[in-house]
Amino acid sequence: MSTASDPRPLYRDALAWVATLIDEVRPEQMTDPTPCPDYDVRALLGHLVATVDRGRVIGSDGDPLSVPEFLTGVPDDAWRAELERAQAHYRKVWSDDDLLDRPVVAPWGTVPGRAAVLSNLNEALVHGWDLAVATGLPAEPDPVLVEAAFVVARSKIPASVRGGRVPFGAAVEPAPDASPVERLANWSGRDTAAWRR
């Protein structure tokens with residue numbers, strides 16, 4: 001099954017990129033602000049892991065809202081291990097190819113399984129960008145991952161109707177020289193101007 005029809009390898013690679021970022025976060029950066037105004041670095045790490053857990057619950061026919069929006073109580077040096085734990089459970093649930101075409105219940109409605117995985121891909125890339133720029137790390141994942149997420153984001157996240165069941169702020173006009181992942185963040189409602197280097 002190709003990545004064009006199977007987004008699981010893309011999501012796996014996006015989380016691998018996020019893991020490399022987590023490895024470089026310094027303890028003194030945990031309380032620093034991020035482009036996601038509700039989260040400092042520690043809370044953002046907790047949210048990244050929680051989205052993987054929510055994806056597991058979605059694939060298990062559970063209630064994704066039963067998973068907190070962000071994980072707490074994790075030692076600052078254990079976030080990589082928590083991400084790997086969450087991924088292992090996620091991969092086990094989503095190892096069934098038939099799940100990609102089966103309807104699953106996500107927080108925003110009932111969608112095919114592959115759409116839920118693609119939503120997780122977008123989350124990993126945009127919040128990975130948040131983490132990278134908040135901590136001064138290289139903010140460019142593989143452009144193949146970003147392109148796949150952007151194609152879906154432009155078709156599934158409406159430009160004009162945001163908020164409520166569409167949990168994104170208004171799309172932001174990107175700078176002429178914005179990178180691919182910055183453009184994805186802009187489409188996802190992130191005002192990236194203050195975080196550009």
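User: How many bridges join S1 to strand S2, and how do the two strands run?

Analyst: In this predicted model, S1 is joined to strand S2 (residues 109-112) by four bridges, and the two run antiparallel.

User: Which residues of S1 lie on its covered face, and which on its uncovered one?

Analyst: Val 104 and Ala 106 form the covered face of S1, whereas Pro 103 and Val 105 form the uncovered one.

User: Turning to the helices, how should I read the pattern of buried residues in H3?

Analyst: The general idea is that an α-helix has 3.6 residues a turn, so residues three or four places apart point the same way. In H3, the buried residues are Trp 79, Leu 83, Ala 86, Gln 87 and Tyr 90. They cover an arc of only 105° around the axis, which puts them on the same side of H3. These buried residues pack against helix H1 (8-24), helix H2 (41-59) and helix H4 (113-135).

User: What span should the 15 residues of helix H3 have, and how far apart are its end C-alpha atoms?

Analyst: At 1.5 Å a residue, helix H3 (residues 79-93) should span 21 Å, and its end C-alpha atoms are 21 Å apart, which agrees.

User: Which residues have the most contacts inside the largest nonpolar core?

Analyst: In soluble globular proteins, nonpolar side chains tend to be buried together. Here the largest nonpolar core has 56 residues, and those with the most contacts inside it are Leu 83, Trp 94, Leu 125, Leu 131 and Leu 184. At least two residues of this core are supplied by each of H1, H2, H3, S1, H4, helix H5 (143-156) and H6, with the largest share, twelve residues, coming from H4.

User: Where does Leu 184 make its contacts, leaving aside its neighbours within four places in sequence?

Analyst: With those neighbours left aside, Leu 184 is in contact with Asn 122, Leu 125, Val 126, Val 146, Ala 149, Phe 150 and Ala 153. Leu 184 is also one of the buried residues of H6, along with Val 181, Glu 182, Ala 185, Asn 186 and Trp 187; helix H6 (residues 180-187) is thus mostly covered, with six of its eight residues buried. After H6 comes Gly 189, whose phi is positive, near 95°.

User: What does UniProt list for residues 12-132?

Analyst: An unreviewed UniProt entry lists these residues as "domain: Mycothiol-dependent maleylpyruvate isomerase metal-binding". Over residues 12-132, the model is 55% helix and 7% strand, and the end C-alpha atoms are 18 Å apart.

Conventions:
Residues are numbered from 1 along each chain as its sequence is written. This is a predicted model: local features need pLDDT of at least 70, side-chain atom pairs count only at pLDDT 80 or more; totals for chains, interfaces and linings use all residues. Side-chain values use heavy atoms; hydrogens and water are left out. Buried means under 20% relative accessible area, exposed over 50%, partly exposed in between (1.4 Å probe, protein chains only). The expected span of a helix is 1.5 Å times one less than its number of residues. The arc is that of the directions from the helix axis to the C-beta atoms. Contact means heavy atoms within 4.5 Å. UniProt positions are given in the numbering used here, feature names are shortened, and annotations may be inferred rather than shown by experiment. A nonpolar core is a set of buried Ala, Val, Leu, Ile, Met, Phe, Trp, Tyr and Cys residues joined through side-chain atoms within 4.5 Å. Two strands pair if DSSP finds at least two bridges between them.
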